[in-house]
Amino acid sequence: MTTGGAAKSRSEALLQSVRASSWSTRLSAVVLAVVLVLLFSQAVQEPGQFASQLVIGVTNGAIIALIALGYTLVYGIIELINFAHGDNFMIGSFVGITVLSGTFVGLQFFAPITGDGGTLLKILGVVIALVVAMVVCGLLGVGIERVAYKPLRNSPRLAVLITAIGMSFILQNVGLIWKGPAQVPFPELISSANILPGEAVIFRWKDLFVIAVTVPLLVALSYFISNTRQGKAMRAVAQDKEAASMMGINVNRTISITFMLGGILAGASGVMYGLFNGITVFNVGFTQGLFAFTAAVLGGIGNLSGAVVGGFLIGIIGSMADQYIGVRWTSVVIFAVLIAVLVFRPRGLLGDRSAVQGGGE
Amino acid sequence: MRKARRVTTLVVAGLLSALLVVGCGGASNGGGGSGGGESVKIVSDLPLQGANRAQTTTMVNAIKLAIQQRDGEVAGLQIDYESLDDATAQAGQWDPAKCAENAQQAAQDEAVIGWIGPFNSGCAATQIPTLNEAGLAMVSPANTYIGLTKPGGEPDEPDKYYPTGERNYARVIVADDKQGQAGAALMQQEDVQSVYILDDKETYGKGLADQFQKAAEEQGIEVLGREGIDGSASNYRSLMNKVAQAEPDAVYFGGIIENNAAQLIKDKVGAGMPNDEVLFVGPDGIFVDELLGQAGDAANGIYVTFGGLPESELSAEGQEFVETYESKYDDQIQPYTAYAYEAANVMLDAIERAAEDAGGVPERQAVIEEVFATEDFEGVLGTWSFDEDGDTSLTELSVQTVDGGEFTLDRVVDVADL
């Protein structure tokens, strides 16, 4: 009898909340429910196809999420949309190619790791490429902040925004001079063979590679922000710059470190993008950066978990739209979802700035 | 009062700039005429930056060669030649704004009486109306989009490109109605029952895919699906996964290499559709050596249709041209090199006839008439004529396949047989 009463009061509470909700909320809930039901029915009809598309969405999303973290980190600290971040990502992929093809500044740095090299050599090459790209892009991030953003820290925010766009163009042109305007092939170091038995679901070594790079980076980043002194300093600066400096925190250094973290993530995702897709191009930073920025906004810009959630969501929405709606509508669907989310949650899915500012939750 | 002053300033500024424009115009006219004797000017318009650069550089060389072989003169008039670039570094390929700007520039330069180009059909769509109003003769070596000269594309084509109602545009390459037929004919010869069609949503790519679709349906090949890809997407894995699910015998792509064709081919093969099981057929827009480096092993076994013949299949004049070119320039001959040479010769012959009739520098209109009067032209592509739409009477197309990382001639298809 008591359980029945509890259930009744719970359903009453549900009714109450439905009655209190606005028409637009009810409509969106219905639309969301319909979409989920349709997706579920597709998943039941052809589970293999659905699972393969999900894997594709997750891996594409992982790369977007890594780039999105760079946008959101910087925004969380100094409320700047760092447009040069996407192009830093592109530079990362170019550094990766340069290291892997063994032609660094025209020198045979070490023998190109392509084709017949042993597994160990390939792994070593990938690790070196990742590390070099992370270092270069980290330093590039710091350098850009020093040269282009720091002198303008007390100017109107619009001035810094324009500088960021300018930096983005400069980096794009550097890429253009470096590798030319055509798409550049990446050495095929990671096998595209399916790990799973059978052909129902495709999960390749490349997909595993993306997960194997992304997850440790995310864990390391979240540990750094929540558990180290420097991470605490970052959160403090994000909350209140002046108060933080009064507490003896070196604000300039903290901001530099934030840009370095963003750059490191951009470098890692650049190399990962190249190895995963096999092709990169000088303006890849713009297109991928646009999706990454959208992911950051979708999840709540400034919020680290938000960027990750947003990245994965965009990847999955993209692959589902490719499969069930049509490729020419994919961008439309992604941005329609963004608009819908912003209408109901103007601060993004998880709210803005909470992770950096409020302490990691 | 203050407002009145501002108006005056504006008027003065306007007058000054008008004076400047007039002054510049006068200067350039003077420049054109002071070549010692009378001269005529022709321009070419090609994308000299981007993935097609190796190709377009040889085309400029071929045009220069055609001029040099006439000792830089037609009918006693000196030929001035200028090579315009319709690509921007930022875009990495042809840019509509640059195309329009080049056309404006040539339209206003009265010394220009002939235009060779452009390379991309989308670029032609922005240039033809401007040059049509200026009454300038155009001969394109490479545009294949059908709607530029004939109905078959959008409903208001081709009339929307010719505001004066008169034609001024011709092309020496076989148009896409025939290229689409060639793709369908190839598939029929290879016993393809069903096909999935993709395009890059550009004038050329979509138009060609439409032509192919029409031809394929006429040949009884089942069309399983049609998608337009985003040329800047990071990969096409989910698309190709979907295509694989439809189990087609072949995939057709209408588009250009700059729109990520290499990634598309890689992802097609990666999605469990190797080229020997599921054919990949693309058009001349991806017939560029760069594709092979970009796509790597995945390119082996793809087919590419080309609205003409490779240099090995050219006429005796064609072989002679290849020899002369190779002895003069270091770079490798590309598929469109001979077409640029042919376009230049057609244009120069037309100017020559017009100049002889006029007894001096011909009118632009006379050049147009002579271009369209080209009949039984014995050139490097064979003996051919322009029809009233400005299209060539040639019907032979070639199919290339990739073998061991190189384009090799697979077969010649004559669409007149269909």
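These are my notebook entries on a predicted model with a chain A and a chain B.

**Ground rules.** I kept in mind that this is a predicted model, in which local features need pLDDT of at least 70 and side-chain atom pairs count only at pLDDT 80 or more, while totals for chains, interfaces and linings use all residues. I numbered residues from 1 along each chain as its sequence is written, with chains lettered from A and ligands numbered from 1 in the order in which they are written, and side-chain values rest on heavy atoms, with hydrogens and water left out.

**Chain A as a whole.** I looked up the secondary structure and found 14 helices and four strands in chain A, where helices (H or I, at least four residues) and strands (E, at least two) are DSSP runs numbered from the N terminus. I then compared its radius of gyration, 22 Å, with the value near 21 Å that a compact globule of 361 residues would have, and the two agree; the radius is taken over C-alpha atoms, and the globule rule is 2.2 Å times the number of residues to the power 0.38. Along the principal axes, the C-alpha atoms of chain A fill a box of roughly 80 × 60 × 35 Å.

I noted that 48% of the 361 residues in chain A are buried (under 20% relative accessible area, with exposed over 50% and partly exposed in between, using a 1.4 Å probe and protein chains only). Of the contacts in chain A between residues at least 6 apart in sequence, 75% join residues at least 24 apart, contact meaning heavy atoms within 4.5 Å.

Leaving out residues up to four places away in sequence, Thr254(A) touches Gln230(A), Ala233(A), Met234(A), Val237(A) and Ile249(A). I next turned to Ala336(A) in helix H13 (residues 330–344), which counts as partly exposed at 41% relative accessibility. Between Ala336(A) and Leu100(A) I recorded 236 residues in sequence and 39 Å in space, C-alpha to C-alpha.

**Where the chains meet.** I recorded 33 residues from chain A and 31 residues from chain B in the contact. The area buried between the two chains is about 2800 Å², of which carbon and sulfur atoms give 42%; buried area is the accessible area (1.4 Å probe) that two parts lose on being put together, summed over both. Gln90(B), Arg237(B) and Ser238(B) supply 24% of the area that chain B buries against chain A, more than any other three residues.

**Backbone details in chain B.** I checked the peptide bond from Gly117(B) to Pro118(B), which is cis with omega near -5°, and placed Pro118(B) in the loop between strand S6 (112–116) and helix H4 (121–134). The bond from Glu157(B) to Pro158(B) is cis too, with omega near 0°, and Pro158(B) lies in the loop between strand S7 (137–140) and strand S8 (169–171).

Glu247(B) has a phi near 50° and belongs to the loop between helix H7 (237–246) and strand S11 (250–254); at 63% relative accessibility, Glu247(B) counts as exposed.
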